[in-house]
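Dear colleague,

Please find the structure below. My notes on it follow directly after.

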Amino acid sequence: MSLEIRRKPDGTLKSKYWYGSFNVDGKRRVKALGVKVAGVPPDSLKVDGDAAFERSRGRAKEKLEQFISDARGTKSAESLVQELHEIKYGAEIKSFPVEDLVKAWEAMPKRRRQLNPRYAQDVRVTVQRFVDFVQEVHPEVKDAAQVDRRIAREFMEAEDARGAADKTRNDTLKRVRATFRFLQTEYGLWRNPFDGIRMREENHLHRKPLNEKQITELLKAAADNDFCRPLIVCGLSTAMRLGDCCQLKWSEVELDGPTPSVTVKTSKTGETVCIPVYEWLRDELEQAQKGRRGSDKFVWPEQADLYRQHHTAASQRIGRVFKKPLGKENVVA
């Protein structure tokens, strides 16, 4: 350990406080000791200064010794936790980088053997958002074991501040909490920083189905919108969700048989359904077929690309069309 004072090139003091340097766990640390340099400092700390300077040096030395004791005590506490964990579970606490938390989620055992790609991507984005938050707000935190309750709460407060809906906020909490729970099991983390954070009560808004007049007005509003119109017609004709409409494949469409149909595996339930194709949807499919390029596997490639890259943007574009004839209250964001 050693005491330091900061000087300018001309020899005068750059800081009026003492500093101390010391090593803990092989790493050098420098700490401002909060003790003012008094008296007249000598040219070198290897020689004595006047009485006031030496008294301040003594106080700084005591403060530095206390810092070293506290730091090594913290290290001892960490060692004790490690030992207790090994006694209880027969394995040591392993390190896991915060930047690799998405990989931790991917390695988790899942209830379903095959996850819907959109859902899996949503979870990756959620966990990565937490990683980005930690790296921006707490860059000193490198290991998952360093993430504490305070950081977890700050992240959830940031989610609230960006205006996340109750369900979105709850999904975020469940996803990052599950990731840390996996690390508890596989890497010996002795705490889950997201345990104890409460879920929000979700207020479900029940919407009335569109009547004939509203459907007519909606189709009229979408008539000149080549992006939204096919999706709206597809949704009205099949009751498929927006993602299923956007990502409808030509391999799922049968127009030439005796009974034209669409056969899809739905994203929400995973069930395969066969839906008859009626006049409105057939017109849209035939129009898309005329403009199809040989490499296109999706019926509407532009819509599929946008939905895969940023599905909320596709939802917002549809929502703007709905607002024209139906009003904001009938639009699902």
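The protein chain has 11 helices and 6 strands (DSSP runs numbered from the N terminus, helices being H or I of at least four residues and strands E of at least two). This is a predicted model, in which local features need pLDDT of at least 70 and side-chain atom pairs count only at pLDDT 80 or more, while totals for chains, interfaces and linings use all residues. Residues are numbered from 1 along each chain as its sequence is written, and side-chain values use heavy atoms, with hydrogens and water left out.

Of the 333 residues in the protein chain, 35% are buried (under 20% relative accessible area, with a 1.4 Å probe and protein chains only).

Helix α4 (residues 149–161) and helix α5 (residues 166–187) have axes that come within 10 Å and cross at roughly 155° (axes are lines fitted to C-alpha atoms over the stretch in contact, and angles run from 0 to 180 degrees between N-to-C directions). α4 is therefore roughly antiparallel to α5 (the term applies to angles over 145 degrees). In their contact (heavy atoms within 4.5 Å), F155, M156, E159 and D160 of α4 meet R169, T172, L173 and V176 of α5. These residues divide into 4 nonpolar, 1 polar and 3 charged (Ala, Val, Leu, Ile, Met, Phe, Trp, Tyr, Cys and Pro are nonpolar, Asp, Glu, Lys and Arg charged, and the others, Gly among them, polar).

P193 lies in the loop between α5 and α6 (212–222). P193 is buried, with a relative accessible area of 2%. Leaving aside neighbours within four places in sequence, P193 is in contact with V147, D148, R149, A152 and F180. The C-alpha atoms of P193 and F180 are 7.8 Å apart, and the two residues are 13 apart in sequence.

Yours sincerely

How values were computed. Buried < 20%, exposed > 50% of the residue type's maximum accessible area, 1.4 Å probe, protein only. Parallel < 35°, antiparallel > 145°, perpendicular 65-115°, else oblique.
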